[in-house]
Amino acid sequence: MAFIVTVLTLTFSILITPFLLFFLVIVFLASIGKSIGVRRKYVDCLVKIFEYSREITLKRKRGVDKNEVESESASEDEVEEVDERGRSKSNRDDKQSVVCNNTKNGFAVGASLISRQDLILVPDPVQNYVGNNNLEVSREKSLDRKSSYDLLVKREFDLSDCLYLVKTGVEAIIEDQVTSRFEAEELKSWNLMTRTNLNHEFISWRLTFIWLFGFAMRYFFLLPLRILICFFGVMWLTLCTALVGYVPEGAFKRWLNRRVNIMCFGVLSSALSAVINYHNLENRPKRGICVANHTSPIDVLVLMCDNCYSLIGQSHGGFLGMLQRALARASPHIWFERSEVKDREAVAKRLKHHVSDPNNPPILIFPEGTCINNTSVMQFKKGSFEVGGVIYPVAIKYDVRFGDAFWNSSRYSMVQYLYMMMSSWAIVCDVWYLPPMYQERDENAIDFANRVKRVIAKQGGLVDLMWDGQLKRMKPKKEWKEKQQEEFSKRFKIE
């Protein structure tokens, strides 16, 4: 028995010692804000592999299309021969319809089912014509377009006027502009992961080999290593923040808290093989409120790797709750329950108190209130824009080729989400620090929030939507439906 224990102890020591040395190297590099560039070289290598697999896929697709065209030509010759013999003549329009139905019934892989050229409807019908998502249509042009049904046009009702509304309704049923933002973003090309698999791995033996090697790499090497780094990183964060909590209040504690946060989150970023590119560092938030678009809980990690923030948000249990309690020991944070309405007033007061103290770190807020799939920015809640002071906008854009950072909280738990992140290739994103913004004299909180949202969407290449992100969990408000119904009824009034 003693021999078995000795063997197990030696085996454990041999296995754990290299990892501990590796972890200490990560901690040291994170503490001094340096990197040896392994992750960036790894990402560059992945890009080359993706490009190579894309070329193989395209060649295979071209070959299939060429064979289909040749077979169609042969069938056309047969039809012509039959016609010469005096038999029934086939309609060549059928052949043209077959060509149109080529490749997924005429739709390319990843293409949208609906191609809209009209305005996107918003909760307020008046804004469907002016100021809607930067797609303004002048009244003069809309008068010339029958499909716009401008309110200023007064003419006899025609039955064909219903067709536009029927078309718009069918498009909204098939693919609307809101609910699609709560699903994972579609990839334009395959990234060698089974979660976005379209059986591409079996079209070539070379691609099959690459896929098998990548599968083994992600699940048998990267995943266990990342889980260990995450475990030790969380323990390291808990220990360091606990020690910072015992330091007396003052300038030294604020400096130490900043260094500890950047170091610990730098270690945690290694658990995701995160490669983060920061732009416009001169606009890095220093005080006040920092607002950013929200894709996942990883947004906090991405921003905390470069700066120290105070956080505000919903109290969680489990893994996230442990992190929240650890962070609260070292610096002031604001946690609240969404179900308690009275807490909202208390949160607003605490937010104003936090911003009024220049010694506090900038507070990080995600005004959307929910995660969006990194393709758009939805309605900003006005609460954080009523506090006053400076607002630092930040735009975050993830590269979905390496891993989908979007968290669909209604479908996946936090543990499932972390598993998906750690089994991805990497987390690659860009962060843009935008110039600070102030509320203008004649500007209310809603207009200020929309102006900030518009700037973030433009910088991040995201679609600026006016709908509330909470539509992921609730039905549209009754008054929204009534406004649209009233708007449509006015269009059919006879002069």
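Among contacts in the protein between residues at least 6 apart in sequence, what percentage join residues at least 24 apart? The share is 75%, a contact being heavy atoms within 4.5 Å. The structure is a predicted model, in which local features need pLDDT of at least 70 and side-chain atom pairs count only at pLDDT 80 or more, while totals for chains, interfaces and linings use all residues. Residues are numbered from 1 along each chain as its sequence is written, and side-chain values use heavy atoms, with hydrogens and water left out.

The protein contains 14 helices and nine strands, taken as DSSP runs numbered from the N terminus (helices H or I, at least four residues; strands E, at least two). Of its 495 residues, 41% are buried (under 20% relative accessible area, with exposed over 50% and partly exposed in between; 1.4 Å probe, protein chains only).

Helix 7 (residues 205–245) has 41 residues. A kink of about 40° occurs in helix 7 at leucine 222, shortly before proline 224; the bend is the angle between axes fitted to the seven residues ending at a residue and the seven starting there.

Eight salt bridges are counted (a side-chain nitrogen of Lys or Arg within 4 Å of a carboxyl oxygen of Asp or Glu). One of them joins glutamate 51 and arginine 54 at 2.6 Å, N to O. Both residues lie in helix 2 (residues 38–84), three residues apart. Glutamate 51 is partly exposed at 34%, and arginine 54 is partly exposed at 35%. Another bridge links glutamate 443 and arginine 451 at 2.9 Å, N to O. Here glutamate 443 is buried at 11%, and arginine 451 is buried at 19%.

Terms used
The expected span of a helix is 1.5 Å times one less than its number of residues.
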